Amino acid sequence: MGRMLRLVFAIAGKDIRLELRTRTSLLSAAVFAALMLVVFNFARDPTAVATLDLAPSVLWVTVSFASVVAMNRAFTVERENAAFDGLLLAPVSRELLYVGKYLANLAFVLVVEAITLPLFVLFFNLDLGGAFPPLVLTLLLATAGFVAVGTLFSAMVAKTRFAELMLPILLLPFMVPPLIYAVKVTVPLLARRPLSEVIPGLNFLAVYDVVFLTLAILLFPAVVDE
Amino acid sequence: MPSADPPLVEARGLARRYGAVRALAGVDLTLRRGEVLLVLGPNGAGKSTLLRSLAGLLRPTAGTVAIDGRLLTREDPDARRPIGLLSHQSLLYDELTLMENLVLAGTLYDLPDPPALARAALAAQGLAQRADDRPRSLSRGMQQRAAIARALLHDPALLLLDEPFTGLDAVAGDRLRELLREHCTEGRGMVIVTHHAGEAWELATRVGVLLQGRWAFESPRPSDMAEFHRTYQELARG
């Protein structure tokens with residue numbers, strides 16, 4: 001178990017270190033998220049649509065597209081100098097390799113969300129109050145699921161000529177179910193309705209995470225073995 | 001259960017298709033410790049496919065590969081442990097320093113004290129002073145030496161080399177040949193894929209020519225390279 005954790009953290013740590021050196025994904029995703037929020041903020045008419053009706057959709061559209069931007073680089077960095085061959089050659093199971101890449105991607109997207117959420121609150125002039133912890137939990141659960149799928153598809157498209165175009169095309173349909181439930185949970189949270197209303201949505205997100213993370217771990221070896 | 005003294009490499013009936021294209025068509029290969037196999041062939045003959053299959057990087061359509069008596073399968077990642085790979089690509093991350101690259105490799109191979117081993121490996125390649133530099137800041141020859149340090153870090157019994165002399169000048173090429181000669185002791189073996197027999201002729205104990213995914217020639221290294229070259233040209237012309 002200790003060896004497995006060491007390997008997983010070595011792989012995730014390598015990706016995080018690479019990203020900290022270049023800041024390509026994080027910076028582009030964070031700027032993209034901020035721009036989207038600015039555009040939505042100035043494009044909306046508060047007298048026509050209530051803020052609470054619009055805000056959940058804006059949050060999740062921003063988070064989903066910024067996540068795709070952040071995940072795009074996960075396997076393209078591995079193409080330099082055929083570095084991925086070095087990982088595949090090592091006596092490390094493909095499943096552990098996936099978990100390491102997944103954790104790094106999850107960290108990237110959560111950082112982007114940590115930047116997005118305060119901007120969202122600021123632009124929409126929201127008082128989250130007691131809704132903050134369940135909203136963070138919703139972000140965690142939704143993100144864990146679509147990053148699982150995104151990491152798998154990112155590996156799948158990395159060797160194609162149009163990897164950056166292919167990832168959103170493949171990933172977005174799989175993001176729809178968790179996004180729908182994430183919005184359904186966020187609406188009552190922002191409206192300060194009882195927490196009991198959001199439990200079914202959170203349950204769905206948790207089940208989605210378990211199912212798709214398991215599927216992705218099982219399918220990853222077939223994806224990376226040529 | 002591994003047999004008492006298994007060959008270092010034992011490939012049986014290796015076949016690989018890319019759609020309609022047949023890259024390997026039933027290749028058998030046995031390599032014992034102390035042997036160096038030089039694999040030649042024109043472009044598209046299946047040389048790199050063979051090497052990648054032996055490394056476990058490519059799943060053959062049919063056939064098996066065993067390294068030191070253990071079948072290369074997805075379920076047994078440890079079977080890849082005796083393999084080292086050196087190609088014209090360095091397998092190094094450009095945004096990590098040489099030291100970080102080698103420590104990562106040492107961690108993945110579960111080596112004791114990866115930083116100490118990484119320092120020693122870089123020093124052995126004359127790169128101790130460049131340990132904190134990134135690969136892209138090095139010359140092609142230095143990058144190849146860094147790649148060698150990475151490939152040999154875990155002291156692999158089997159070294160697979162894919163066009164290792166590509167892009168090296170004469171001095172760097174000689175240095176690489178010398179290093180490979182030192183590396184290939186009784187307990188180890190090498191498979192060298194190249195277009196130019198002269199690059200590794202002196203290292204080889206056996207020579208094979210792949211044509212259309214099959215062995216067209218496979219024997220102990222002939223004594224006369226010029227004579228072999230004529231045979232090779234005739235084979236390649238069909």
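This is a predicted model: local features need pLDDT of at least 70, side-chain atom pairs count only at pLDDT 80 or more; totals for chains, interfaces and linings use all residues.
**Figure 1**

**Figure 2. Burial of helix H1 of chain B.** This helix spans residues 47-55 of chain B, and eight of its nine residues are buried, so the helix is largely enclosed by the rest of the structure. The buried residues are Lys47(B), Thr49(B), Leu50(B), Leu51(B), Arg52(B), Ser53(B), Leu54(B) and Ala55(B).

**Figure 3. Packing of helices H5 and H8 of chain A.** Helix H5 (residues 94-123) and helix H8 (residues 199-224) of chain A pack with their axes 8 Å apart, at an angle of about 110°. Because angles of 65 to 115 degrees count as roughly perpendicular, H5(A) and H8(A) are described as roughly perpendicular to each other. From H5(A), the residues Arg94(A), Glu95(A), Tyr98(A) and Val99(A) meet Ala216(A), Ile217(A), Phe220(A), Pro221(A) and Val224(A) of H8(A). Seven nonpolar and two charged residues form this contact, with no polar residues.

**Figure 4. The contact between chains A and B.** Chain A contributes 25 residues to the contact and chain B contributes 27 residues. On the side of chain A that touches chain B, the elements giving two or more residues are helix H1 (2-22) and helix H4 (83-89) of chain A. H1(A) gives the most to this side, with nine residues. By class, the residues on this side of chain A comprise eleven nonpolar, four polar and ten charged.

Methods. Residues are numbered from 1 along each chain as its sequence is written. Chains are lettered from A and ligands numbered from 1 in the order in which they are written. Two residues are in contact if their C-beta atoms, placed from the backbone, lie within 7 Å. Helices (H or I, at least four residues) and strands (E, at least two) are DSSP runs, numbered from the N terminus. Ala, Val, Leu, Ile, Met, Phe, Trp, Tyr, Cys and Pro count as nonpolar, Asp, Glu, Lys and Arg as charged, and the others, Gly among them, as polar. Axes are lines fitted to C-alpha atoms, for helices over the stretch in contact, and angles run from 0 to 180 degrees between N-to-C directions. Angles under 35 degrees count as roughly parallel, over 145 as roughly antiparallel, 65 to 115 as roughly perpendicular and the rest as oblique. A residue is buried if 20 or more other C-beta atoms lie within 10 Å of its own, exposed if 12 or fewer, and partly exposed in between; C-beta atoms are placed from the backbone.
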